[in-house]
Amino acid sequence: MRLSQYFLPVLKENPAEAQIVSHRLMLRAGMIKQASAGIYSWLPLGFKVLRRIENIVHEEQQRAGHIALLMPTLQSADLWRESGRYEAYGEEMLRITDRHGRDMLYGPTNEELITDIFRSHVSSYRDLPLTLYHVQWKFRDEIRPRFGVMRGREFLMKDGYNFDIDEAAARHAYNRHLVSYLRTYERMGLQAIPMRADSGPIGGDDTHEFLVLADTGESEVFYDSEITDLRFGDRDIDYANPQACQAVLEEFTSRYARTDETHDEALFAEIPQSRRRSARGIEVGQIFYFGTKYSDAMGATVQNAEGKPVPVHMGSHGIGVSRLLGAIIEASHDDRGIIWPEGVTPFHCGIVNLKQGDEAADTACAALYKAVVGIGLEPLYDDTKERAGGKFATMDLIGLPWRITVGPRGLKNGVVELTSRRTGISEEMPPEDAVARLAEIYAPHR
Ligand code: ATP
Ligand code: MG
């Protein structure tokens, strides 16, 4: 993309309404625009990152064997009356009446809808296990929408639902989700720690939240510092193997890590003082096992091997897709702007032409652009007439992890400059070497 042809409405001034750095930077970098309280338009740069995050979520869900579908945002109140949640959900639910006077709602989550799909089409244990998921907009009429996309009213969520014949199979589904979430967040350059949590209005008896440690996080968390040393890395895991998934759960829950709702002072006190931490965290996902709560209420049964009808065991599992943009920025920025991890960056590199209009510089930039596209990466080429300082400031603000700077002086020696946004370190090299370096850097992120 050439910047002169792009739509990147960056702001020079700090927007007064933003209280935390991620919100401020998303507004300044021209990623979002508030449409009304807690509801945002996704401008091109923000939309690109949202899609990258969503794609990682899809890839990792499918790697785990989960199946994508798409349910609507608007739902009939009748289904929610069956589960008893139409009244129970409270004011966070946006209730709508259609022209025929029918009660509708904008879905805050989808347990009822998916259970209805399941009971209409699945009747035998032979069709299990089954995990269906979608990535769809949700609406929760939050009393205090704030912090930009972190606590929106309309927000994008991946929500998945497992259906299993018994508790053991459903526990495996739970563990599979835990593993796939660890992989998902790490691919985004994030450390998200699974912490024992409280199940809230979803109900159920086992749940973990995934938290990204950040001072601006809304959750209070308590943990053993050793848990932050754990990495999932690029392990090859067989998702079909219950023991393998259970082992990962045990490893990642082997240290104390809880949100304030389940915090236990006595247990916490057993950890050596030097490892006890209390901090703030951003909830970027949550997994639940809730047994037969919805299948009992809504009559979702299957015939077991003996031909007897039994209620299915279920769980639901969510990732805050749009909230993740805020969480990643909170975890990765400096005073000049965002620093995107390679896995989610909107463009793979910036190309800055120090002297637009200079024939040698223009030609070199065009060739570089072609070469970067040629290796399957997407550059953002600043081909504007802006002075160098302004170009650098914009690149730093929008946070592309790599920048190639091209100027007449370097070109005389046959070199361009490759700069890491994270370290600020620049290296001179021939243009083809810079392209080869980018290919290497992005190889693990394809
Ligand atoms: P919170 O405690 O932050 O209100 P929740 O526990 O009610 O969230 P879940 O039902 O677990 O949310 O939804 C799954 C994920 O969706 C959450 O882990 C979070 O990342 C994201 N999410 C929930 N509410 C919002 C919101 N208002 N804005 C953006 N993302 C949200
Ligand atoms: Mg939650």
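**Cavity lining and a helix crossing**

The lining of the largest cavity comprises five nonpolar residues, one polar and one charged. Here Ala, Val, Leu, Ile, Met, Phe, Trp, Tyr, Cys and Pro count as nonpolar, Asp, Glu, Lys and Arg as charged, and the others, Gly among them, as polar. The model is predicted; local features need pLDDT of at least 70, side-chain atom pairs count only at pLDDT 80 or more, and totals for chains, interfaces and linings use all residues. Residues are numbered from 1 along each chain as its sequence is written, and side-chain values use heavy atoms, without hydrogens and water.

The lining residues are Tyr40, Trp42, Trp137, Val149, Glu154, Phe155 and Ser322. A cavity is a set of points on a 1 Å grid over the protein atoms alone where a 1.4 Å probe fits but cannot get out, and lining residues have an atom within 4 Å of a point. Strand 2 (39–42) and strand 8 (154–164) each give at least two residues to this lining. Strands are DSSP runs (E, at least two residues) and helices likewise (H or I, at least four), numbered from the N terminus. The volume of the largest cavity is about 40 Å³, taken as the space filled by probe spheres set on the points.

Ser322 also takes part in a helix contact. The axes of helix 2 (residues 44–63) and helix 10 (residues 321–331) come within 9 Å and cross at roughly 110°. Axes are lines fitted to C-alpha atoms over the stretch in contact, with angles from 0 to 180 degrees between N-to-C directions. The two helices are therefore roughly perpendicular (65 to 115 degrees).

Terms used: Chains are lettered from A and ligands numbered from 1 in the order in which they are written. Angles under 35 degrees count as roughly parallel, over 145 as roughly antiparallel, 65 to 115 as roughly perpendicular and the rest as oblique. Contact means heavy atoms within 4.5 Å. On a 1 Å grid over the protein atoms alone, a cavity is a set of points where a 1.4 Å probe fits but cannot get out, and a pocket is an open set with protein on both sides within 12 Å along at least five of seven lines; lining residues have an atom within 4 Å of a point.
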